[in-house]
Amino acid sequence: MLDFVQLEADLDQEERMIRDTAREFVAEHVKPDIGDHFEDGTFPTELIPKMGELGFYAPNLEGYGSPNVSETAYGLLMQELEAGDSGLRSMASVQGALVMYPIRAYGSEAQKEEWLPALGEGEAVGCFGLTEPEHGSNPSAMETHAERDGDGYVLNGSKTWITNSPIADVAVVWARDRSSEDAPVRGFLVETDRDGVSTNKITEKLSLRASITGEIGLNDVHVPEENVLPGVSGMKGPLSCLTQARYGIAWGAVGAARDCFEEARAYATEREQFGGPIGRFQLQQEKLAEMATQITLAQLLAYRLADLKERGEMRPQHVSMAKRNNVRTAREQSKVAREILGGNGITTDYSPMRHMANMETVYTYEGTHDIHTLVLGEELTGLQAFTQQ
Ligand SMILES: Cc1cc2nc3c(=O)[nH]c(=O)nc-3n(C[C@H](O)[C@H](O)[C@H](O)COP(=O)(O)OP(=O)(O)OC[C@H]3O[C@@H](n4cnc5c(N)ncnc54)[C@H](O)[C@@H]3O)c2cc1C
């Protein structure tokens, strides 16, 4: 596997073990069928408990069954899962960084005990409802709202593009609490079998096909007071979760890019045209050289991000740069790998075009490439360019 500047040398035993466990899991359980899942638009749901058993959901959290592994180990895990497919990494990211993380960081003791072990083991599935049909890049304009009602709240609104909502047991729904002054955004744990909850599947996707995506409809859904996340109020709640998930994406995208590179390199040395392997042509070598260089740069950024996160010095702007750069790298390099594979490259028999299609989602979700550009622009100039009024 591509590791041109010997980053592996700095890994400790636990980090190697976690990486190897994930790599073997992907080779044995994911690679053989992922092309079919992509074609069929299905997720291998039978792997959800197995992934829990192997500790793939939020192992970087502490307590309630989570072992608190290093941020590098967590990143390597995301990298290996996404080398399998972005749908697989998305499953682990949503479950771990977008559902378990807010419960761990902002939940009550009862919420932690009820949900964290079950989610960690993959016995329960969670989803994260922030995006709405009319509010994607600007979630603070959300319309979904909660009103006080006796011993709890009544929720109304709709969320869309929600990974795993059709198979989720619980949704972390972000809604404006209209019964409090200034209607702050608050997080609600909504069991999906509550009256008034619907979770229609979105089937028309041409990207991230091996992942289940849906809506969340909330029609006069009553939730008790104890389902509100007590520890956070305002946009800090969802945004802090996104920082965790984007960290995993910055690593994961490297895995997808690396898998494309490995397929292209193998193909270039095996495929013969004009009496020898296509890898002997300088045009193909230039493509491989550039791919290896760009992927190595993305790896370095991911490793540095892990160091900053471990020390508690990682800021959302650091994550924006890494998510933006590494996903762009994977998006561009998957296309180059596809080229090297010629006609075979457009099939699901090889991974590059599947990764390339997936990257259209990864480039867009968790803050589009443009939005991360604006985050960096503001950081560098002190001038905010999100709105142009
Ligand atoms: C497969 C998939 C899974 C997803 N999973 C989840 C999930 O689990 N939970 C969840 O809550 N959401 C999820 N999302 C939603 C995702 O986060 C949003 O699609 C994303 O935030 C972009 O929002 P939007 O699609 O409404 O695009 P818009 O916000 O409408 O943006 C459209 C275009 O305008 C650009 N744009 C927007 N504002 C500006 C600006 N100020 N300046 C310059 N350009 C701008 C954008 O970059 C983009 O190119 C998922 C999306 C997909 C596709």
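A residue counts as buried if 20 or more other C-beta atoms lie within 10 Å of its own, as exposed if 12 or fewer do, and as partly exposed in between. Ala27 has 13 other C-beta atoms within 10 Å, so it comes out as partly exposed. This residue belongs to helix α1, which runs over residues 13-40. Ala27 and Gly343 sit 316 residues apart along the chain, and 24 Å separates their C-alpha atoms.

Now for the whole picture. The model is a predicted one, and the protein in it holds 10 helices and 11 strands. Laid along its principal axes, the C-alpha trace spans about 80 × 50 × 40 Å. Buried residues make up 50% of the 389. As for contacts with a separation of 6 or more, 75% of them join residues 24 or more positions apart.

The chain splits into three parts: domain 1 (7-120), domain 2 (126-227) and domain 3 (236-381). Between the C-alpha centres of domain 2 and domain 3 there are 31 Å. These two do meet, with 10 residues of domain 2 in contact with 9 residues of domain 3. On the domain 2 side of that meeting, 7 residues are nonpolar, 3 are polar and none is charged.

Residues 127-221 carry the annotation "domain: Acyl-CoA oxidase/dehydrogenase middle". That stretch is 48% strand and 0% helix, and its end C-alpha atoms are 17 Å apart. Residues 234-380 are annotated in the unreviewed entry as "domain: Acyl-CoA dehydrogenase/oxidase C-terminal".

Next comes the ligand. There are 21 residues around it, and the ones that come nearest are Leu130, Gly136, Ser137, Thr368 and Asp370. Domain 2 and domain 3 each give the shell at least three residues. Looking at individual elements, β3 (126-129), β5 (152-163), α9 (352-364) and α10 (369-381) each supply at least two. Sorted by class, the shell has 10 nonpolar, 9 polar and 2 charged residues.

Most residues other than glycine have a negative phi. Asp182 is not a glycine, yet its phi is positive, at about 65°. Glu366, also not a glycine, has a positive phi of about 60°. Asp182 is found in the loop between β6 (170-177) and β7 (185-191), while Glu366 lies in the loop between α9 and α10. Their surroundings can be read from the neighbour counts. Asp182 has 9 C-beta neighbours inside 10 Å and therefore counts as exposed. Glu366 has 25 other C-beta atoms within 10 Å, so it is buried. The helices on either side of the Glu366 loop, α9 and α10, are among the elements that supply residues to the shell around the ligand.

Methods:
Residues are numbered from 1 along each chain as its sequence is written. This is a predicted model: local features need pLDDT of at least 70, side-chain atom pairs count only at pLDDT 80 or more; totals for chains, interfaces and linings use all residues. Helices (H or I, at least four residues) and strands (E, at least two) are DSSP runs, numbered from the N terminus. Two residues are in contact if their C-beta atoms, placed from the backbone, lie within 7 Å. UniProt positions are given in the numbering used here, feature names are shortened, and annotations may be inferred rather than shown by experiment. A residue is near a molecule or strand if its C-beta atom, placed from the backbone, lies within 6 Å of it. Ala, Val, Leu, Ile, Met, Phe, Trp, Tyr, Cys and Pro count as nonpolar, Asp, Glu, Lys and Arg as charged, and the others, Gly among them, as polar. Domain bounds come from an automatic or database domain assignment.
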